[in-house]
Amino acid sequence: GIKHFEIRGVNGSNVSELTLDAAKEVYALAQSYGINASSIGSPIGKILITDPMEPHLELLKHVIEIAKIFKTPYIRVFSFYIPNDANPEDFRDEVISRMKAMVKIAEENNVILLHENEKGIYGSVASRCKEILDAVNSPNLRAVFDPANFVECNQKTFPEAYELLKDYIVYMHIKDALKSGRVVPAGMGDGNLEFLVDSYYK
């Protein structure tokens, strides 16, 4: 009965590596099974904050064309890996500048970038996720809430992270993990999935 999937990997490659012709073939195959894309699971923002940005913006433009083929307005993005042993706050301005550049392209193409919290990036904890979302201040940047990733970053998912980000959340990953870092079935970890889902759908 599954009707949507978050397209991420195709034949051993990330979705961002598909040519537009290949993307059309995958879309047609998915449609033949009655399945649509809920979002594009892109790797945009999964580079070091010190890496060049211009090639990444070109990749974003390509991913946007793929999103159009799959008829989804949503593209998952991240807020850049921070160098080991560095203070994330030292890169705040650069992170926000890069996120604004990405969102400007999204606005021009009528797509919505969904920032996902992830271990090792600037937006690994809820407070810095909110910093980004507040600073960019665009309807074309919203939040993916990933409970398992928050658990792995020692961030309490509920009520703390949820209450801080709830005005931005439009998409939730049903993933769970233990504080040890082990990913487990939804509801069997420390992600407070039952409270998150109940609150989100109230």
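Analyst: Arginine 98 lies over the face of phenylalanine 80, at 5.4 Å from the ring centre; a charge sits over a ring if NZ of Lys or CZ of Arg is within 6 Å of the ring centre and within 35 degrees of the ring normal. This is a predicted model, in which local features need pLDDT of at least 70 and side-chain atom pairs count only at pLDDT 80 or more, while totals for chains, interfaces and linings use all residues. Residues are numbered from 1 along each chain as its sequence is written, and side-chain values use heavy atoms, with hydrogens and water left out.

User: Over which ring does the charged end of arginine 128 sit?

Analyst: The charged end of arginine 128 is 5.4 Å from the centre of the ring in question. That ring belongs to tyrosine 122.

User: How many aromatic pairs does a search of the whole structure find?

Analyst: Rings of Phe, Tyr and Trp (its six-membered ring) pair if their centres lie within 6.5 Å, and planes under 30 degrees apart count as stacked, over 60 as edge-to-face and the rest as tilted. With this rule, the search of the whole structure gives a number of aromatic pairs, which is 7.

User: Why is the pair of tyrosine 74 and tyrosine 171 given its class?

Analyst: The ring centres of tyrosine 74 and tyrosine 171 are 6.2 Å apart and their planes stand at 80°, so the pair is edge-to-face. The pair links distant parts of the chain, 97 residues apart, with tyrosine 74 in strand β5 (residues 74–77) and tyrosine 171 in strand β8 (residues 169–172); helices (H or I, at least four residues) and strands (E, at least two) are DSSP runs, numbered from the N terminus. The class asked for is therefore edge-to-face.

User: Is tyrosine 171 buried or exposed?

Analyst: Buried means under 20% relative accessible area, exposed over 50%, and partly exposed in between (1.4 Å probe, protein chains only). Tyrosine 74, at 22%, is partly exposed. Tyrosine 171 has a relative accessible area of 11%, so tyrosine 171 is buried.
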